[in-house]
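Student: I would like to go through this structure and ask what stands behind each label. Can we begin?

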Amino acid sequence: KGYLIAQINVKNLDNYQEYLKNVTHIANKYGGKYIVRAGKYEIMEGEWPYQRNVVIQFPSIEKAQEFYNSKEYEPIKRIRLENAENNLIIIEGGD
């Protein structure tokens, strides 16, 4: 499996809504399944300066990369990048 993990601080919620409205169906097209989507959390160790945390599971790391680099996601990704502070990784994981 491949996982996209993002930490996000939204800076402009009005504009960010457009991202939220469009990202799910694109992720689904690449086999993405949201495991975590900005749920309630408790800091157990260290610091966690992000308001939103997202984990999307894909069938493979390659599918996660295809999603991230896709033409469909490019304009939506731009909305996120322009309206939020982000950390994002794609990582290989087990079943």
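Tutor: Start with a cut-off: exposed means over 50% relative accessible area, buried means under 20%, and partly exposed lies in between. Keep in mind that this is a predicted model.

Student: Why is Lys29 called exposed?

Tutor: Its relative accessibility is 57%. The label needs over 50%. Therefore Lys29 counts as exposed.

Student: What makes Lys29 and Glu72 a salt bridge?

Tutor: A side-chain nitrogen of Lys or Arg must lie within 4 Å of a carboxyl oxygen of Asp or Glu. For Lys29 and Glu72, the closest N and O atoms are 2.2 Å apart. So the pair meets the cut-off.

Student: Which parts does the pair tie together?

Tutor: Lys29 lies in helix α1, and Glu72 is in the loop between α2 (61-69) and α3 (73-83). The pair therefore links parts that are 43 residues apart in sequence.

Student: Why is Glu72 called partly exposed?

Tutor: Glu72 has a relative accessible area of 28%. That value falls between the cut-offs of 20% and 50%, so the label is partly exposed.

Student: How many salt bridges does the structure hold?

Tutor: Five. One of them joins Lys21 and Glu18, at 3.5 Å from N to O. The limit is 4 Å, so this pair qualifies.

Student: What separates Lys21 and Glu18 along the helix?

Tutor: About one helical turn, because they are three residues apart in helix α1 (residues 13-29). Lys21 is exposed at 60% relative accessibility. Glu18, at 36%, is partly exposed.

Student: How do you know that Lys77 and Glu74 form a salt bridge?

Tutor: Their closest N and O atoms are 3.5 Å apart. The cut-off is 4 Å, so the salt bridge is assigned. Lys77 and Glu74 are three residues apart in helix α3, so about one helical turn lies between them.

Student: Is Lys77 buried or exposed?

Tutor: Buried. Its relative accessibility is 7%, and buried means under 20%.

Student: How is the packing of two helices described?

Tutor: By the angle between their axes and the distance between the axes. The axes of α1 and α3 come within 9 Å and cross at roughly 145 degrees. The crossing of α1 past α3 is left-handed.

Student: Which residues make the contact of α1 with α3?

Tutor: From α1 come Asn15, Tyr16, Glu18, Tyr19, Asn22, Val23 and Ile26. From α3 come Tyr73, Ile76, Lys77, Ile79, Arg80 and Asn83. They divide into seven nonpolar, three polar and three charged residues.

Student: What does Tyr19 touch?

Tutor: Tyr73, Ile76, Lys77, Ile79 and Arg80, not counting residues up to four places away in sequence. A touch here means heavy atoms within 4.5 Å.

Student: What makes a set of residues a nonpolar core?

Tutor: The residues must be buried, of a listed nonpolar type, and joined through side-chain atoms within 4.5 Å. The largest nonpolar core here has 19 residues. Those with the most contacts inside it are Ile8, Tyr19, Phe58, Phe67, Tyr73 and Ile76.

Student: Which elements give two or more residues to this core?

Tutor: β1 (2-10), α1, β3 (52-58), α2 and α3. α1 gives the most, with five residues.

Student: Why is Gln7 called buried?

Tutor: Gln7 has 17% relative accessibility. The limit is under 20%, so Gln7 counts as buried. Its place is in strand β1. Gln7 touches Trp48, Tyr50, Arg52, Asn53, Glu85, Asn86 and Asn87, leaving out residues up to four places away in sequence.

Student: What is the phi of Ala38?

Tutor: Positive, at about 60 degrees, although Ala38 is not a glycine. Most residues other than glycine have a negative phi. Ala38 is in the loop between β2 (33-37) and β3. With a relative accessible area of 27%, Ala38 is partly exposed.

Conventions. Residues numbered from 1 in each chain as written. Predicted model: local features only at pLDDT ≥ 70, side-chain atom pairs only at ≥ 80, totals over all residues. Heavy atoms only, no water. Helix = DSSP H or I, 4+ residues; strand = E, 2+ residues; numbered from the N terminus. Buried < 20%, exposed > 50% of the residue type's maximum accessible area, 1.4 Å probe, protein only. Axes fitted to C-alpha atoms, helices over the stretch in contact; angles between N-to-C directions. Left-handed = near helix turned anticlockwise from the far one by under 90°. Nonpolar A, V, L, I, M, F, W, Y, C, P; charged D, E, K, R; others polar.
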